[in-house]
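Please read its points beside the sequence and the model.

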Amino acid sequence: MRIVLVPALLVSLAAAGCAGGSDASGDGRTEVVAAFFPLAEAARVVGGPDVDVTDLTPPGVEPHELELTPDQVDRILDADVAIVLGGGFQPAVEDVADDRDGPTVVVLDALELDTDDPHVWLDPTTMARIAEVVADALDGDATDFVAELERLDGSYERALASCESDVVVSAHAAFGHLLGRYGLREESVSGLVPETEPDPARLDELARLVEREAVTTVFSEPLLPPRVADTLARETGAEISTLDPLESDPGTSYVEAMAGNLERLVEGLRCGA
């Protein structure tokens with residue numbers, strides 16, 4: 001059974017003892033499975049030592065392409081709480097979560113976000129809302145994390161307030177929520193899901209845009225082949241940088257990874273000069 005936890009129900013869940021009820025881990029902690037890095041990060045930070053969090057998407061794996069092992073299926077079904085994004089972002093995970101008897105946090109539904117672009121976690125203010133939803137589900141505390149995310153949001157606002165360019169040319173359309181918050185726009189090679197082979201017509205269109213808009217940097221991603229950015233760079237003379245959509249564990253915290261993204265945006269868009 002799938003349970004969509006809206007805020008009122010989240011409070012009821014915490015009061016009923018999500019953290020103090022069933023214990024799949026057997027060590028007194030709440031066993032949580034999270035679909036991919038941002039959700040796992042939120043659970044670890046706001047749940048603290050009382051939760052044992054499993055990130056279902058291994059480092060270096062595109063979450064769209066995740067194929068569950070039998071052990072992962074069992075973990076999803078047996079965990080005290082499951083956290084998924086929803087919206088069909090990871091169908092394999094969401095299909096199994098639908099068969100759970102325990103509570104499942106469906107983030108997009110809990111936040112009442114109706115969007116075609118699922119990459120909502122890249123906006124620090126939305127990540128703060130995710131943290132609060134997860135904290136309610138786990139009877140945790142999001143106060144410190146939310147304050148950290150508010151400071152991160154302030155850093156983005158100040159650093160991106162004055163840039164020579166307002167166009168981010170990206171490998172795939174992952175950064176719309178992030179860039180839109182700070183008055184920037186994204187032009188991507190692929191759509192919301194990275195394509196194996198980019199459309200040559202789209203590459204030509206972007207090459208013309210790079211020259212017309214005086215774009216000096218093309219942004220690739222850690223998990224995608226660099227050939228698309230390489231092609232645009234060769235044709236236009238643009239430099240190559242990297243933005244991380246944080247769809248897989250970056251090896252550091254969310255805030256640190258987002259701070260790295262900000263540094264590269266400032267340099268690539270020539271901000272504050």
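This is a predicted model: local features need pLDDT of at least 70, side-chain atom pairs count only at pLDDT 80 or more; totals for chains, interfaces and linings use all residues.

Does A110 count as buried or exposed?

1. With a relative accessibility of 3%, A110 counts as buried, where buried means under 20% relative accessible area, exposed over 50% and partly exposed in between (1.4 Å probe, protein chains only). A110 belongs to helix 5, residues 107-110.

2. Residues are numbered from 1 along each chain as its sequence is written, and side-chain values use heavy atoms, with hydrogens and water left out.

3. On confidence, the protein chain has a mean pLDDT of 88, and 88% of its residues reach 70 or more; pLDDT is the predictor's confidence in each residue, from 0 to 100. Over residues 1-22 the value is below 50, and this stretch has 45 contacts in the model beyond near neighbours in sequence. A contact means heavy atoms within 4.5 Å.

4. Concerning the overall fold, the protein chain contains 11 helices and 8 strands. These are DSSP runs numbered from the N terminus: helices are H or I with at least four residues, strands E with at least two. Of the 273 residues, 51% count as buried. Among contacts with a separation of 6 or more, 60% come from residues 24 or more positions apart.

5. Strand 7 (residues 217-220) is covered on both faces, with T217 and F219 buried on one side and V218 and S220 buried on the other. Strand 5 (residues 167-172) runs parallel to strand 7 and is joined to it by 2 bridges; F219 is the bridge partner of S170. Strand 8 (residues 239-242) also pairs with strand 7 in the parallel sense, over 4 bridges, and there I240 stands opposite V218. Two strands pair if DSSP finds at least two bridges between them.

6. The second largest pocket has a volume of about 160 Å³. Its lining comprises 13 residues, of which G87, G88, F89, D116 and P118 are the closest to the centre. By class, the lining residues divide into 6 nonpolar, 4 polar and 3 charged. A pocket here is an open set of points on a 1 Å grid over the protein atoms alone, where a 1.4 Å probe fits, with protein on both sides within 12 Å along at least five of seven lines; lining residues have an atom within 4 Å of a point.

Methods:
Grid points are joined across faces, edges and corners, and a volume is the space filled by probe spheres set on the points. Ala, Val, Leu, Ile, Met, Phe, Trp, Tyr, Cys and Pro count as nonpolar, Asp, Glu, Lys and Arg as charged, and the others, Gly among them, as polar.
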